[in-house]
Amino acid sequence: MKSPYEILVRPVITEKATLLTERKDGPQYVFKVRLDANKVEIKKAIEQAYNVKVKAVNTVRMKGKAKRQGRFEGRTSDWKKAYVTLQPGYKIEVI
C-alpha cells in the first residue's frame, strides 16, 4: 500500500479550480497525481490525507507542452489531474 503522499503530488490552485470548490452538490477539488495512480488509489489517498468522504473521482491525462530555451527545444512531462468531488458537508482547506 502506497502512502497518500506518494500518490498526491500537489493541489492545483487556479481560477477554475477555486470556483469548483463552491459547488452546491458537494465541493470539487483538483489535484496533480502520479501518472500510474488509479481512481481507487486516489480516493483512498484523499480520504486518508484530509479525513473527508469522497463522492467521486474523475481523472484527466494532461500532455506535456513543447518548450524552447533559445535554439534548444524540449517538452515538459505528461501528468495526471484528478477532479475529486466530496460528499456534501465536507471541505478541504487547501490554502
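The largest pocket of this structure, which is a predicted model, holds about 220 Å³ of space. Its lining is formed by 15 residues, and those closest to the pocket centre are Thr18, Thr21, Tyr29, Ile92 and Val94. Two elements, α2 (15-20) and β2 (28-33), each give two or more residues to this lining. Of the elements, β2 gives the most, contributing four residues. By residue class, the lining of the largest pocket comprises ten nonpolar residues, three polar ones and two charged ones.

The pocket may now be placed within the chain as a whole. The protein chain contains three helices and six strands. Read from the N terminus, these elements follow the order α-β-α-β-α-β-β-β-β.

The overall dimensions and the packing of the chain complete the description. Along the principal axes, the C-alpha trace of the protein chain extends over about 50 × 35 × 20 Å. The chain has 95 residues, of which 31% are buried. Contacts within the chain can also be considered by sequence separation: among those between residues at least 6 apart in sequence, 62% join residues at least 24 apart.

Finally, the surface may be described. The protein chain exposes about 6700 Å², and carbon and sulfur atoms supply 50% of that area.

Terms used
Residues are numbered from 1 along each chain as its sequence is written. This is a predicted model: local features need pLDDT of at least 70, side-chain atom pairs count only at pLDDT 80 or more; totals for chains, interfaces and linings use all residues. Side-chain values use heavy atoms; hydrogens and water are left out. On a 1 Å grid over the protein atoms alone, a cavity is a set of points where a 1.4 Å probe fits but cannot get out, and a pocket is an open set with protein on both sides within 12 Å along at least five of seven lines; lining residues have an atom within 4 Å of a point. Grid points are joined across faces, edges and corners, and a volume is the space filled by probe spheres set on the points. Ala, Val, Leu, Ile, Met, Phe, Trp, Tyr, Cys and Pro count as nonpolar, Asp, Glu, Lys and Arg as charged, and the others, Gly among them, as polar. Buried means under 20% relative accessible area, exposed over 50%, partly exposed in between (1.4 Å probe, protein chains only). Contact means heavy atoms within 4.5 Å. Accessible areas come from the Shrake-Rupley method with a 1.4 Å probe; for residues, only the protein chains shown count as cover.
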